[in-house]
Amino acid sequence: MKIPPKKPHFFKPILPGFKNGLKIPVGFLKYLKGHDHIENAILRRDGKKWLVKLNDYRFEAGWSDFAEHHDLQLGDMLVFRHEGNMEFEVVIFDSSHCDREYVEYLQQQEEANNVEFKGATNIRKKPSNMIPLNAQVSTPTSGDDDPPYFVAIIKPYCISKPVLYFPRHFAKSSGLMNRKCEMILKDEAQRSWSVRLGPLAGRRHFGITSGWAKFRAAKGLQVGDAYKFELIKNEKIPIAHFHCRYSGIGEEH
């Protein structure tokens, strides 16, 4: 029996025309049963709330105020975590694929101290430490008990090469960095694939070194598909869930 997540979430890339509205992905509506006649939603960020009108599960009146206040730009990625009662906690990543709050904080620190900020483990790493080939977006977990995960978009190299890079800070903080071992990937239907983990690109990066091509073909992944990679067990043979999530690519937005 598949257990639904306590706080389901979806993510949307900011695409042209986003100021006119943003539609909740159809695949996410199964988590909103009982809200068929709800006309409003609440978006939360930085302790503030925005009341947004819903029209056929599309954020409309009030959405432009939220977008303008947070200076949303093309290329940004938003993660919406449903907290219940049509309230969504929103996390924003900019085009450098780092948490917007971290980028702003880093700029303030550099201006004030003119030194490199090394940060704590729960702060997003600098853009130079990310894996640019995969345009990966690291997502903070919502609590200490949550499994580590990251959110990403399939880029051309993911199709042309038989490997998948992990964000550096994800590999380090999860203890996977430099390990050479088998990993089990599971999809939403609990089907399993065996892959191998190890260093990549002259040990500068880390990720799946073999088995990715077979998994990718089985899932029919294409450039632009969004996914969530969640490490649910970190033992001798780690187990990860690979969720083909709701990117909104090609949908009305």
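Q: Which exposed residues sit on the face of H5 turned away from its buried side?
A: Lys214 and Ala217 are the exposed ones there. Keep in mind that this is a predicted model.

Q: And which residues of H5 are buried?
A: Trp212, Phe215 and Arg216, in a helix that covers residues 212-219. Looking down the axis of H5, the buried residues fall within an arc of 100°, so they line one face of the helix.

Q: Why would residues a few places apart end up pointing the same way?
A: An α-helix has 3.6 residues a turn, so positions three or four apart point the same way.

Q: What do the buried residues of H5 pack against?
A: Quite a list: helix H3 (156-160), strands E10 (164-165) and E13 (205-210), plus E11, E12 and E15.

Q: What about the backbone just after H5?
A: Gly220 comes there, with a positive phi of about 65°.

Q: Switching to the strands. How do E11 and E12 run, parallel or antiparallel?
A: Antiparallel, with 6 bridges joining E11 (residues 181-186) to E12 (residues 192-200). One of the residues involved is Lys186, whose bridge partner in E12 is Ser192.

Q: How many residues lie between the strands in that hairpin?
A: The hairpin of E11 and E12 has 5 residues between the strands, and Gln190 takes a positive phi near 65° there.

Q: In which sense do E11 and E15 pair?
A: Parallel, over 3 bridges. Leu185, for example, has Ala240 as its bridge partner in E15.

Q: Now His241. Where does that residue lie?
A: His241 is in strand E15, which spans residues 239-244.

Q: Is His241 buried or exposed?
A: Buried, because its relative accessible area is 15% and the cut-off for buried is under 20%.

Q: Which side chain does the His241 side chain make a polar contact with?
A: The side chain of Gln190, at 3.5 Å. That's the Gln190 with the positive phi in the E11 and E12 hairpin.

Q: What else does His241 touch?
A: Leaving out residues up to four places away in sequence, His241 touches Lys186, Gln190, Lys228, Phe229, Glu230 and Ile232.

Q: Last topic, cysteines. How many disulfides does the structure hold?
A: There are 0 disulfides.

Q: Cys158 and Cys244, then: what's their accessibility?
A: Cys158 counts as buried because its relative accessibility is 0%. Cys244 is at 25%, so that residue counts as partly exposed.

Key:
Residues numbered from 1 in each chain as written. Predicted model: local features only at pLDDT ≥ 70, side-chain atom pairs only at ≥ 80, totals over all residues. Heavy atoms only, no water. Helix = DSSP H or I, 4+ residues; strand = E, 2+ residues; numbered from the N terminus. Buried < 20%, exposed > 50% of the residue type's maximum accessible area, 1.4 Å probe, protein only. Polar contact = N/O pair within 3.5 Å; in protein donor to acceptor, adjacent residues only side chain to side chain. Contact = heavy atoms within 4.5 Å. Pairing = 2+ DSSP bridges. Disulfide = S-S within 2.5 Å. Arc of directions from axis to C-beta.
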